[in-house]
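I opened my notebook to look up a few things in this model.

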Amino acid sequence: MLDDNDFALASAVDTSVVVLEELSLHPQPEVREAVAKNPNTPTEVLLKLGKEFPDAITANPIFNLLLLENPESYFVRLSLARSTTTSESAIAQLSKIEDKEILCAVAGNPKTPLHILERLVVEGPPLFCNEHENPHESDFDGLFTAIAQNPNTSESLLLQLAEDGSWNIKIAIAENPKTPLSLLNKFADWRSMHEAIARNPQASSAILEKLAGENEKEIRDLVKNHPNVSETAIAIINFIEGKPGTSIDLLERLASDRRASVRLLVATHPSTPAKVLEKLAQDTDEDVPFKAASHPNATSTVLEFFAEFLVKQHQRVSSSNQIFYKQSALELVRRSDITPKVLENLLQMNEPDVVRAIASSLKTPPTMLFALTDYQAPFVSNDFFINLAENPNTPSEGLEKLYLKINQTQHFNRIYGLGAIAAHPNTPVHLLEQLAVHSHDGLHAEVATNVNTPIAILERLSNDSQDGVSSIAKQALKERA
């Protein structure tokens with residue numbers, strides 16, 4: 001609400017210079033403009049207000065007096081360069097003055113004709129920077145930015161400025177309503193340009209849909225209130241802001257968004273279907289595949305792609321950074337919904353802990369366990385063979401190979417490994433016969449507990465010299481009777 005007292009003071013011709021100086025900083029623009037029109041306002045204050053209220057300065061009664069007294073003064077020239085009431089001939093004369101601020105004012109004046117703007121671009125401004133300034137930035141950046149903002153600047157001139165212009169110039173071009181859509185669409189690939197494009201009243205609905213997925217609320221609000229905003233853009237904004245109702249079609253579309261932050265939201269959305277999660281599990285951004293794999297709708301195919309992703313990342317990083325992917329692989333192996341394909345993919349990581357986990361997993365199929373008995377790696381030892389021997393899915397032919405590998409070593413846990421084979425439900429009879437007469441009595445008890453041990457072997461073990469073994473064998477015979 002306008003402060004009437006301050007406005008009256010700013011307008012009164014008898015208001016003191018001190019008060020006018022204070023009012024020139026007033027938060028309300030109407031009061032500041034009144035100061036700019038007041039003939040009692042000092043020239044230095046008018047100079048500061050001139051950029052905001054150029055026409056108020058030239059309409060100030062004191063301006064005509066100053067113009068008559070000293071038409072070549074800096075204040076007069078700059079005020080004329082800024083004002084929309086200045087004649088074209090005067091603008092033309094001002095455009096030849098070697099002063100940065102005056103030239104920038106001419107370039108930004110909406111009454112400056114196109115041919116003058118074109119001349120300033122083609123000929124370039126005069127050298128008016130000092131020795132400490134970057135000539136390119138000082139001479140061109142501010143001037144060309146003002147030209148790019150000018151409503152009289154043509155489409156062709158905007159395209160010319162965009163070719164080699166600085167980032168500030170490109171942002172000004174992005175906001176100009178005359179900028180062709182082809183250039184705006186190109187700019188839309190640069191996220192730092194999105195706010196400027198969203199301010200352009202001519203931005204197309206397709207371009208606005210690109211901007212709608214931004215994290216910055218200010219940009220989303222600009223898109224939401226844009227005259228060309230589409231229902232799709234609104235739906236994207238609602239999705240980004242976590243509002244319900246996002247369609248499957250939109251989720252499928254956003255899964256290909258170039259922004260990882262948007263794809264990450266899709267990967268965590270409760271309605272994202274498995275087909276989309278399969279795509280996200282192969283995403284180039286590290287966080288997205290993890291979210292896709294942990295989604296409730298993730299299928300075995302999603303996990304298979306995720307396993308491939310872990311292997312690739314593990315191979316890509318240095319050894320000191322591989323532990324993260326190794327731990328993720330171990331967590332994946334422990335999942336109840338993994339498939340043999342997932343385990344097969346993870347084997348390519350060649351991580352000792354991961355391979356051991358696969359050797360112990362109840363999801364590992366017999367064919368893979370059999371193949372692992374010949375696995376070649378520096379870490380392969382009796383411990384690894386025992387992992388295989390303890391897995392109930394290890395086939396009989398695999399156990400035979402494990403028996404030979406374990407039995408031929410003198411490792412301290414050799415008997416433990418043989419015990420696992422002796423108790424295994426898939427151990428062939430001929431191995432049970434050998435283990436039943438093994439020199440280590442503890443193996444006899446394991447054979448006696450095996451549900452597949454033949455009656456003949458159990459009868460022999462019922463007469464074993466060790467009371468514990470004979471008791472187990474007798475109990476087994478009793479249960480089978």
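**Entry 1: the largest pocket.** I am working from a predicted model. I listed the residues that line the largest pocket: G50, K51, P54, L78, R82, T84, E101, C104, A105, G108, N109 and P110. Two elements give two or more residues to this lining, helix 7 (74-82) and helix 9 (100-108). Which helix gives the most to the lining? I found helix 9, with four residues. By class, I noted five nonpolar, four polar and three charged residues in the lining. The space in this largest pocket comes to about 310 Å³.

**Entry 2: the second largest pocket.** I looked up its volume next, and the second largest pocket has about 170 Å³. Its lining is made by A281, Q282, D283, T284, F305, E308, F309, K312, Q313 and R316. I sorted these lining residues into three nonpolar, three polar and four charged.

**Entry 3: helices 29 and 30.** I then turned to helix 29 (residues 396-407) and helix 30 (residues 414-423). Their axes come within 9 Å and cross at roughly 165°. An angle over 145 degrees counts as roughly antiparallel, so helix 29 is roughly antiparallel to helix 30. I recorded the crossing of helix 29 and helix 30 as left-handed.

Which residues meet here? From helix 29 I wrote down L399, L402, Y403, I406 and N407. Their partners in helix 30 are R414, G417, L418 and I421. The residues of this contact divide into six nonpolar, two polar and one charged.

Technical notes. Residues are numbered from 1 along each chain as its sequence is written. This is a predicted model: local features need pLDDT of at least 70, side-chain atom pairs count only at pLDDT 80 or more; totals for chains, interfaces and linings use all residues. Side-chain values use heavy atoms; hydrogens and water are left out. Axes are lines fitted to C-alpha atoms, for helices over the stretch in contact, and angles run from 0 to 180 degrees between N-to-C directions. Angles under 35 degrees count as roughly parallel, over 145 as roughly antiparallel, 65 to 115 as roughly perpendicular and the rest as oblique. A crossing is left-handed if the near helix is turned anticlockwise from the far one by less than a right angle, and right-handed if clockwise. Contact means heavy atoms within 4.5 Å. Ala, Val, Leu, Ile, Met, Phe, Trp, Tyr, Cys and Pro count as nonpolar, Asp, Glu, Lys and Arg as charged, and the others, Gly among them, as polar. On a 1 Å grid over the protein atoms alone, a cavity is a set of points where a 1.4 Å probe fits but cannot get out, and a pocket is an open set with protein on both sides within 12 Å along at least five of seven lines; lining residues have an atom within 4 Å of a point. Grid points are joined across faces, edges and corners, and a volume is the space filled by probe spheres set on the points.
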